[in-house]
Number of protein chains: 2
Amino acid sequence: MKLLDGITVVDLTRVLSGPYSTMLLADFGADVIKIEAPESGDDSRNFAPFIGKESAYFMSINRGKKSVTLDLRKHEGQELLKKMIIKADVIVENYRPGTMERWNLGYEDLRTVNPKIIYAAVSGFGHSGPYSRKPAYDIVIQAMSGIMSLTGPEGGPSCRVGTSVGDIIPGLYTAFGIMMALYHRNVSGKGQKVDVAMFDGLVAALENAIARFQVEQRVPKPLGNRHPSVTPFDSFSAKDGLVVIGAGSQRLWELLCKDVIAQPELASDPLFVNGENRTKNHKELKNILEAAFSKMTLSELTSALEKTGIPHGPINSIDRVMEDPQLRARDMFVEIEHPVAGKLKYAGIPVKLSRTPGSIQAPAPILGQHTYEVLQKFAGLTKEDIADLHQKGIV
Amino acid sequence: MKLLDGITVVDLTRVLSGPYSTMLLADFGADVIKIEAPESGDDSRNFAPFIGKESAYFMSINRGKKSVTLDLRKHEGQELLKKMIIKADVIVENYRPGTMERWNLGYEDLRTVNPKIIYAAVSGFGHSGPYSRKPAYDIVIQAMSGIMSLTGPEGGPSCRVGTSVGDIIPGLYTAFGIMMALYHRNVSGKGQKVDVAMFDGLVAALENAIARFQVEQRVPKPLGNRHPSVTPFDSFSAKDGLVVIGAGSQRLWELLCKDVIAQPELASDPLFVNGENRTKNHKELKNILEAAFSKMTLSELTSALEKTGIPHGPINSIDRVMEDPQLRARDMFVEIEHPVAGKLKYAGIPVKLSRTPGSIQAPAPILGQHTYEVLQKFAGLTKEDIADLHQKGIV
C-alpha cells in the first residue's frame, strides 16, 4: 500500500516550486494530474539541458505525474477543470495571485464545487499584502529575502545559492502544508486553503541572522565558509587540499586541540576558551589551525578527525556526489527510463518511511500523454469529444 | 481549534535540524516536550548571540516547546522516557545512529512500548549505509552534498550557503515525513519510523545540477548570481546600484528587449533568440544589457521592469528585510517576550492555513522549566520524587 493511495492532486503548477511539492506527493502514491497549456506546456519543458527535444530539467521534477492539456483561459477548459475538482482531493497552483480568480477558479469558486477540496497556492509573495500581485522567480526571492546578502566570500560580493532554494524551500513548505490539511480533513471532514509565499519561506530559513542583527546591531554579511556563531566551523587547507570541519561543541573543540593537532594548551587559551571567544578571534584561530594542518596530508588529517569523532568532510563536486557509496546505499540516485529520452539518473526520495515507503511511479509524462484517459475518467469524454476540443484549441 | 491539538511530540533533538522540524509542529498546536540533558541542556543554549545568559540562537528555534531535563544515559531516565512514550504520538531524535539503541530506546524498543508511536530520526547520513555512524553538522553536509560546489562567484571559490540549509531542508523533510506518518496512522492505526538523512535531503535539493552533469558531461561549478539554464536570470548594475532580474520565459525576454531597453531587434538576434542560445552567450548578453542599464537609475529601471511584469528585485540586507512591508503584512516577523531575555523578533509562520492557522504558543523554555509538570502528568511523579531524581542527577 502507498501512503497517498486514493488521493487525487490536480496540479496546475509550472517550473519549480509547485512541481517540486507535487513530485513529493507523487512519490508517496498520490495520483498527480498535471494540467498544462495546449501546445506549449509547462515553461520548464523549454529549459536546458535537453536530451533530444525533451528537457531533462522538466523530467527531473515531474516524474510519476500524468499530463493533461487544458486551456484554462477558455470557459470550456474552466468547466472541465471544475469537473475534475469534484472528484479531487487537492489542487495546487502557482499562478500569480488574482489569475485563478479571473478564471473563476479561485478558492471561493472551487470550494462551492467541492467543500472538502484542499486548495494549495504557492506564489512569489503570497495571497495577501502589498506585493501580492508581483511576479517572482527564484533569484528575485533569494535577493529580496536576504539569503544572498549572507552568501559569498568574506568581504566579497553577495552570491545566489547555486541551487534554487527560493523554489525548493517553499515547495517543501507547500508539501508540508498539504499534508497538514489532509490530516485535518481526516479529523474534521473540512478542506481549506494553504497559502505559501516563496518570500515568506526563505525568510523563515534565515535562521540566526535575524536574531544576530537585533542583538549585535550589525548587518550580517557573507562570511565565506565559516559559521557566524560557531567556531571552528569552516573549510581549512591541509598539505594537499581542503577539508571542512565542524567542531560545534566545547567537547569537540577540546578534542581537536588535544588529539588532532596535539596542542592541548590551545583549548584553554583565553582567546579561544569558549565558543564566543573563538568566534571573536576566528582569524587568529584559523591561522593557528592551518599552520598545524599544513603539516598533514588530507589523508592524515581526515584519519585523525575520524578517530576523535569530529564532524568533517570533503567539498564534493557533483561527479563525486554521484559516485558516493552512502548515497548509493540509500538509493539517492534512481535511474528512470523515459520512453523518448532514455535513461537518466535523478535524485531519490529523502524521506524513508518504514511502513509506507515512497517509490518512483513512472517517468515524467510527455505533453498531453494522459489527456484522454483523465478526461474520460473525470468528465466522461469520448475520443470524439477530445478530438473536437483539440480542434478548438482547448486540449 | 489548532491543527495538531492533542498530539504529543517527545522531542530529543538538539541544535537545528530536529528543533526546526518540531518548531513547525509546535506552531500548529502540537504539545512538544523537549528533553534536555540536566545541567547543560541543548548545545545551542551555548550558541551566540546572547541576551544576558540566554542564547537568542536557541530561543529562535525552540518557541512554544516545553523543557524537561532527563538523563537518558541512566536507566531511570530511560524508564521515565518510556512512560512518556506510552502516551505520546511522535518521538523525534537527532542522535548519531546507534545511540538510541545503546540506551534501549531505538524504534524496535519503543514500538513494543507503544505500537502506534511515530519515530522520526534526522541524522547526518541516515540509519543505514556505510557512513551511518559518522557525525555531521551543517557545513559537512553542505560540503559533501555538492551544494557548496555550486555556490560562489563565477571562477572563484566554493562558498557555504550563509544560512544552515544543511539542517533546515532536512528539518522540513522531517516535518513533512511526520505529517505523512500521522496521516497514515489515521488511516491504518499503525505507527512507523521516519528516517531522514541531512545528506539525502540536500542531494534532493540539488535540482538540475544532477541532470546537467549527466547530459553535458561537465562538472557544474559556481556561477555567481546567474542561473545555469535560464538567461537572463542574474544581478545587473544600473547607474546607481544592483538589481536582480529573472526573465525566465521567451515572452519575458521579448518584453525586456522591447519595453525595458528599447532594442526590439535584440530579441531576434540569432545569438539570443532562444533560451539555450542566451545561456550559451550569457557574457555577451550581460554586457549588452548592462550597457543599456548603465544609462538608467535603479528607480527608472525598476519602474520599467514593473510595467512589463518582469520579475525583479533588490538584493536586500537583513535590516531591509526586517522593514519590508510585505513581510509585515504577512506577519513574517513576530515579537515574542521571553521572561528572562525580554522582547525579540523572530521569523513567523510561512504556511498560511485558512481554517486552522498556526500561531506561536509561547516563548522558548528555560532549561527544565516543565520538568515537574510533565513528569507529574506522564509518570505520576510528586515534587518529592523530582527532588530525589534531581539529587541523583537524573533530572
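Which strands does helix α7 of chain B lie across, and at about what angle does α7 run to β7(B)?

Modeller: Happy to, and please keep in mind that this is a predicted model. Helix α7, residues 165–188 of chain B, lies across β6, β7 and β8 of chain B together with β14 of chain A. Its direction is at about 165° to β7(B).

Those strands belong to an open sheet of 7 strands with mixed pairing. The edges are β14 (351–353) of chain A and β5 (65–69) of chain B, each of which pairs on one side only. From one strand to the next, the twist averages 20°.

Now zoom in on one pair within the sheet. Strand β1 (residues 8–11) and strand β2 (residues 31–36), both of chain B, run parallel and are joined by 4 bridges. Here B:V10 of the pair stands opposite B:I33 in β2(B). In general, strands of a sheet pair through backbone hydrogen bonds, either parallel or antiparallel.

A further helix to find is α1, residues 17–27 of chain B. Helix α1 lies across β1, β2, β5, β6 (90–93) and β7 (118–123) of chain B, and runs at about 150° to β6(B).

Chain A has 18 helices and 14 strands, and buried residues make up 58% of its 395 residues. The C-alpha trace of chain A spans about 85 × 45 × 40 Å along its principal axes.

Notes
Residues are numbered from 1 along each chain as its sequence is written. Chains are lettered from A and ligands numbered from 1 in the order in which they are written. This is a predicted model: local features need pLDDT of at least 70, side-chain atom pairs count only at pLDDT 80 or more; totals for chains, interfaces and linings use all residues. Two strands pair if DSSP finds at least two bridges between them. Helices (H or I, at least four residues) and strands (E, at least two) are DSSP runs, numbered from the N terminus. Axes are lines fitted to C-alpha atoms, for helices over the stretch in contact, and angles run from 0 to 180 degrees between N-to-C directions. Two residues are in contact if their C-beta atoms, placed from the backbone, lie within 7 Å. A residue is buried if 20 or more other C-beta atoms lie within 10 Å of its own, exposed if 12 or fewer, and partly exposed in between; C-beta atoms are placed from the backbone.
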